[in-house]
Each structure stands twice: as C-alpha cells, then as structure tokens.
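Here is a friendly walk through one model, with an eye on confidence and charged side chains. Have a look at the structure first.

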Amino acid sequence: MPAFVALLGRKISVTVLVDSGTEGGGKVEALGKALATEADTELRRTLLRPDEGGTVRGVQAEVTVEALALDISLESSRAGLVKAIMRAPSVRPEAGEARAAQRLADLLIDGMGTDAQKHLSAFWERAARRLTNLVTDQLKKVANQDVVFSDEVKFQRLQKERQTTKEHLGGHSEPHSKSVSYDGWKKCLYEYAWFDTSPEYKAAQALDEAPNVVVWARLHIKDLPITWTQEGREYNPDLVAIEEVNGQRTCWLIETKMNKEAHAEDVRAKAKAAKTWANTVNNNGKWHYILLTEDDVNDAGLDWNQMKAFGAR
C-alpha cells in the first residue's frame, strides 16, 4: 500500500485555502456570490462642471449607461484569475501552487453561478483584484495560526514488520479486546491487526467488508505522521484505506473517537491539520480525511458507505 507523506514546511501554500468546507474556500465562494450580486449592468455617468469659482467638480448625471460586457469566454477569464493569484505575494511559482490556484478560481466561479461568464466579462479586473486580496489576507492569517505543509511529497510504503505480544485470535468476530490481535481479514495489509478502541475495531470490520475497498491498514506510530502543532507535534490517524469506484482510486485517512472525546480541542486541531495535509497531497492524488465518533460507527452498522456519509458532515 503506497502512502504519501507531505513534508512539513514553513512556506505558506495556497493549497490550505482550496477546500470549500474550510474558512478560506468558503470565503472564496462567498466572494463569488457577492461579485455576482454587485455586478450591476448599469453604470451612472459623472458630469464634470466648473463651479462659480472655476473649479471643475464631478456631478452625478441623471441618466445611466449599460456597462460594457465583452464576450470573453469563461475559460479565458478563469485562466486570467489563476495568473492573478499566482502573482499575489507569498504564492510561489510552482506547479502545485498553480493547481491550487485553479481550484480557487473554480470556487469563485461556482459562487458566481450560471451567469459567471457574463459577470467576469464585464467586471474581470474587479473580480481578480478582490480575489487576489482575499487570497493574500487568508494566507497571512493561516501563517499566523495554523500548521502548513510544503507542497513536496515523497512516497513511502507501509511495509514495516509488526510484532506484538498480544494474544493472537484466528478471526475477528469476537467483541473487541485491547489485549487481542485479530486474524482472518480479507483486505488488511497485514495478517494481524490490533486496536485501542471498539470504534477503531468496528471501522476496520466495515472496511474489510466494503466491496469497493481494495486494501486497508491500522496505522501505528510513525507510519503516516501528520504534524498538527507549530511546535512539530505529530500524530497518526487510526486507519488508512484505498477505495476504487468506477476505476478511480481514493485514499482515506480515518480517525475514530469515543463520543466524550470527539469535541476536545486537541482532536479538532488534529482534524484541521489532517485536512490541510490531505488538501496538500491532493495536488498529487485524491485523499480525504474523516473523523468518526462512537455513535457514527455504531449507527452505521458496519456499513462503510454510511460511515463515510456520517464522517463528511
């Protein structure tokens, strides 16, 4: 099973803003909606008249004129927005940054809706300026508050030999016990797997039975470390899985928590860092991170698709 490891960097990446579920991505979509609302097709003239002292002053005219709406293709406007983002301060001229900039441009266009082509044709400069300013402001905010990752990725296989003194059980239908390592898996990368909690164990059972899951593994310390504090503290999600649907493979990082732990501050911080990690690696693949509570796992009834739906909320 291949695993991507994003190297921690102090360079700020546009990647951290692209997820529409994050504050940055949500703000870009909201800006698109605002620009569509602001894009009035009528402009009011200003007349220049001298006052009694001879000073020329602007006076609002009584009539309006139609804004000039050039017939510019949406793809051309989109390409221009990407170039504008890439010229913003702190954005590096790298392929990964360009891919993230393309996704930000798409978020803005999605926010504009069906009339995006018309709005951008008439008011492209305003849209590019406001989008660039938003990206710059959000990157400054992220730099001050969050863990970020450089857009460098290395490939690392989960192939370490695993040893345990836990009791070996030839099957995994028994209720969970922390002192037992379970065999009998169909899709687990390793012959035996052991788990700290019942939600971890049940999530693994769901993955093993899911028809679209190709392979999964219980992650151990240093298997796939994700930095979640500015001081460099790391953690590993509970599980990793590869799923294939219609020929397209998706990688999942899965964290499970007891109900009483799910809303703890450190859990939320780890989840935020893991989503940033996934967004960074998404420039080179397709990764998702989900956090499942004890209720999510139990209510899903060992149905992986149901667990995904609960985790995506």
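What follows covers confidence and then salt bridges.

This is a predicted model, in which local features need pLDDT of at least 70 and side-chain atom pairs count only at pLDDT 80 or more, while totals for chains, interfaces and linings use all residues. Residues are numbered from 1 along each chain as its sequence is written, and side-chain values use heavy atoms, leaving out hydrogens and water.

The protein has a mean pLDDT (the predictor's confidence in each residue, from 0 to 100) of 81, and 75% of its residues reach 70 or more. Confidence is lowest in strand β1 (residues 2-8), with a mean of 39, and highest in helix α5 (residues 198-209), at 96. Helices (H or I, at least four residues) and strands (E, at least two) are DSSP runs numbered from the N terminus.

Now for the charges. A salt bridge puts a side-chain nitrogen of Lys or Arg within 4 Å of a carboxyl oxygen of Asp or Glu, and the count comes to twelve. Among them are these:

| Pair | Closest N to O |
|---|---|
| R218 and D196 | 3.2 Å |
| E200 and R218 | 3.1 Å |

E200 lies in helix α5 and R218 in strand β7, so their pair ties together parts that are 18 residues apart in sequence. Buried means under 20% relative accessible area, exposed over 50%, and partly exposed in between (1.4 Å probe, protein chains only). R218 is buried at 8%, whereas D196 is partly exposed at 42%. K257 is buried at 18%, and E255 is buried at 5%.
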